[in-house]
Amino acid sequence: MTTTTAPHTVPGHEEAAQATPSLARRTLQVFTGNKLALTGVVLLVLLLAFSYLGPLLYDTEQTHTDLSQANLSPGTDGHLLGTTDLGYDMVGRLMVAGRTSLEIGLAAGLLATLFGTVYGAVSGYFGGWVDAAMMRITDAALAIPAMFLLVVVAAIITPSKGVLILIIAAVAWLSPARLVRGEALSLRNREYVQAMRMMGGGGARAVFKHIVPNAIGTVIVNCTFQIADAILYVSYLAFLGLSIPPPSADWGSMLSAGITYTQNGYWWLIFPPGIAIVLVVAAFNFIGDGLRDAFEVRLRK
Amino acid sequence: MTELQLTDAGPGTPAPLLSIDDLHVDIASRDRTVHALDGVSLDLVPGEALGIVGESGCGKTMTALSVLGLLPPGGTVTGGRILFDGQDLAAASAPTLQDVRGNTVGMVFQDPLTSLNPTMTIGAQVAEPLLLHRAGIGRKEAWARAEEMLRLVGMPQPAERMKNYPHQLSGGMRQRVAIAMALVCEPKLLIADEPTTALDVTTQHQILELIDNLRQTLGMAMILVTHDLGVIANRVDRVAVMYAGKVAEQSDVRGLFARPRHRYTEALFAALPERAADRGTELHTIPGLPPSLTVRPTGCRFAPRCSFATQECREREPELELSVEPSVEPEWGLVGAAPAAAGQDAEAAKASPPSGHRFACFHPVPYGDAPAEQVVTPPPATATEPGEVLLELDALVKEFPLSGGPFARRRGTVSAVGGVSLSVRRGETYGMVGESGCGKTTLGRIVAGLEEPTAGTVRFDGRDLSGLSRAERRAHRRRIQLMFQDSTAAMDPRMRVGEILREPLVIQGVGSRAERERLTAELLDAVGLPRGAVHRYPHEFSGGQRQRLGLARALTLAPDLVVADEPVSALDVSVQAQILNLMRELQRERGLTYLFISHDLAVIRHLADTVGVMYLGRLVESGPAEQVYAHPLHPYTRGLLDTVNVPDPAAASGGEREPLRGETPSAAQPPSGCRFRTRCPFAAEVCATTEPPVSTPNAAGHQVACHFPLAAPRLASAV
């Protein structure tokens, strides 16, 4: 193509030349304007710092038990929140357990979202037989109670961190898959996807360049809820005694251990892990809500 | 202002039914306030029809909505009065307004689908206003009155229809129901906001005719809000032209169309494809966009887009003033004496106040001038001589199965395209017209490769497309591109314009990154947009700008053929003219071939060299544009031409016109033989049994598929 006519200035289009901030930046602006969402972020950062940086400032013995120090009430011998039934310092224990809970929760939530998104986008975009077959698989998987599946699998295999992540993700991917599939079903009929087909583009480009990016709002929001759910799943499993064996710990297993001593009035064994779980789940939910709002207003002028 | 109006309304005229006086409306959103109406004054006497026209966003709908207190969220009346029957509706309480709505003022909205409740029967919905507003009326009586009303709006078998739900009716029938709802309480005023914009030409005609008749029988006044100058020309007594929240010009309809005074009105008329001298002429355009109204502009609001603007226009705001030219008198005499205007028209003229012709312009169109003079541009009319056949369709058929999914049983087929053969030559514009559902869009999508034909062949540049391998087909894609009706929907909202324009190049693997960027910049130049536009997102552009982007993207791969599916039907007249000019210019520069699909006969006539007319999946007539328009051979083509609203009140009332009656049958059960026979005035037995053969009774190249093609040449249509 040779150089075309000189740019004819069409009056009235001058303002169209100005660059505008990216969508991501504007989304961030709306997000940071949301107080509850910011609270969630702060809470999450504090919990992460507590779990990962805490041990540097507050070093405690978390491998060897010391039964002589068991079940001390808060404040005794410098133990801020007392000690567990095996004599571990409660604060230090919370830090170590928090790592496990957060790591498994984040990894399982992200993995489930990633797989579910691609699965759903492919199913929705290609439609027809592909969609019907792929969706029957998810329907079948959804029909099995998640808890039952987790308990059975965890009982057969000795859980490690990696195994737990895989097990939880294997249950959790179903909901993002169905969500994204619904979005993809409507997105594939959008004219910009047809326009891309007009240019000769194929399915991979449609799914990864157009469908997934346009479903990203739903995906990210759902991801935060998935992470929160995954942290809860870890806790459930641990509560049932099916988590990573000691000396590892997570907040769920701490809770489980504490329950034994409810009748003895050892409240410090129950409240701290319980509150930690509530805080982290709430933090992710706040962030999710904030993101949803941010993505909704994004395209408004 | 008010004083002045009241005095020149004269003593002999009836008191106005509705008097909007210096109305100001603000609409506040999250971060800004739009001054949507800024001092609008309008009067309406009982029984009068007032049209409000203007580009989108000029405040015409706001004016109508504020009468009923139905402003959108954030909208408030900040000043002025709305006197209706002696009551100030602007200051009225919510219960008072509720009593007025649907009772003394009826309203018809644009979309009959969303203005009816899908879960209520027709009867219940038409009877609802009666039950709300007439205290003494029982259910039985309300139903009887509703049925009577449905009969009045021309609903066949109203008693049975009462039990139907909205989805069981066609669009035209739904709009009839909406009208029945608005009229069942016998209001004194009917407000119709774009009542026919969502409908087909033939349905549109029927609905407007119906509103007209009902207005006469019920003696009510009407405000008709529309962007369509053709609709306004034929259906109202007086017209108010609005621009940027103000009334720019107000006049009786004939005076306005014969002698527009405001430069904006003049420019609007000049942009109409109907007014262009011939196909070689560039359309007049109005550069730029209406102001956004977040700040009150100083001076005349039209000044930035007006070629006659002077310093004075930019500094002072012109007031609405009476047109005082001496020639006003003969003009009025002429209107009264117009023979074509039957008794009703003369009566309406008598009843309406001699409001005169007002306009707000410092440099009006002088009286001596012929309206909207033509400036013929020098460049050659046709660029390239139509060459060899580029695209050839042979007995193309497309059927869609009627079923509910991959496992559901097939319940029948919809025949979208029922055997169409045509050929498009290189370098020409093939215009395809027809009503919605006639299969023209499906045809375009098959040509563009978005749909596979059920039967028949598509030959492009001599090659049968169905015989292509996968790789060949992929490479072939670049030679045919599609331009969408709605460029907003056709562009990924998460991509910047630069990425959108480069996408076709990336997919086809054309050029390096730098080359792609250079090409993108060139394309933006070619469609008249600044190069900086690559950094913005599609939603940040206006409709016209987005359509320019759509065209730029369609041209990225340097295609031979561009299929343009209603590319200008969502645009205002002034912007439409810009896009049509641009398309024509690019065709000349690049030797493009267009398959231009539209329902708008005037646009097709302006742009197309060859015209095809489709009806219910069949091509009923095709041939050179001049011949088809001057001498239509198929009764459907002629009916279409007769149905169109010509934006000229004088032309509309003259000559016998036979508008199309009835509705298009369902494509799931098309009529046997000739598909048009159910609506054809000349249908005979042979039409039901035999498919009409294609013949060329008039001239070679002018084909018609009809057993009884029209013989008598008729006067050139005004379209």
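Author: Helices and strands here are DSSP runs, numbered from the N terminus: a helix is H or I over at least four residues, a strand is E over at least two. The model is predicted, so local features need pLDDT of at least 70 and side-chain atom pairs count only at pLDDT 80 or more, while totals for chains, interfaces and linings use all residues. Residues are numbered from 1 along each chain as its sequence is written, chains are lettered from A, and ligands are numbered from 1, both in the order in which they are written.

An unreviewed UniProt entry places the feature "transmembrane region" at five stretches of chain A, among them 140–157 and 265–288; UniProt positions are given in the numbering used here, feature names are shortened, and annotations may be inferred rather than shown by experiment. Residues 265–288 of chain A are 75% helix and 0% strand, with 37 Å between the end C-alpha atoms. For residues 140–157 of chain A the figures are 83% helix, 0% strand and 23 Å. Helix 4 of chain A (residues 90–126) has 37 residues and reaches 53 Å from first C-alpha to last, close to the 54 Å expected at 1.5 Å a residue; the expected span is 1.5 Å times one less than the number of residues. After helix 4 of chain A comes G127(A), with a positive phi near 60°.

The part to examine is chain B. Its secondary structure comes to 25 helices and 24 strands. Of its 719 residues, 51% are buried, where buried means 20 or more other C-beta atoms within 10 Å of the residue's own, exposed means 12 or fewer, partly exposed is in between, and C-beta atoms are placed from the backbone. Two residues are in contact if those C-beta atoms lie within 7 Å. Among contacts in chain B with a separation of 6 or more, 71% link residues 24 or more positions apart.

Strand 1 of chain B (residues 18–28) runs antiparallel to strand 2 (residues 33–44), with nine bridges between them; two strands pair if DSSP finds at least two bridges. A hairpin of four residues joins strand 1 of chain B to strand 2. Strand 1 of chain B also runs antiparallel to strand 4 (residues 75–84), through eight bridges. I27(B) stands opposite V34(B) in strand 2 and opposite G75(B) in strand 4.

The domain assignment, which is automatic or taken from a database, gives chain B domain 1 (2–92 + 217–359) and domain 2 (389–644 + 656–664). The contact between them takes 19 residues from domain 1 and twelve from domain 2. On the domain 1 side, helix 9 (229–235) and helix 11 (263–270) of chain B are the elements that give two or more residues. That side divides into ten nonpolar, five polar and four charged residues, with Ala, Val, Leu, Ile, Met, Phe, Trp, Tyr, Cys and Pro as nonpolar, Asp, Glu, Lys and Arg as charged, and the others, Gly among them, as polar.

An unreviewed UniProt entry places "domain: ABC transporter" at residues 18–269 and 391–641 of chain B. Residues 18–269 of chain B are 38% helix and 27% strand.

Last, R145(B) lies in helix 5 (residues 139–152) of chain B. R145(B) is partly exposed because 19 other C-beta atoms lie within 10 Å. R145(B) touches L130(B) and V184(B), not counting residues up to four places away in sequence.
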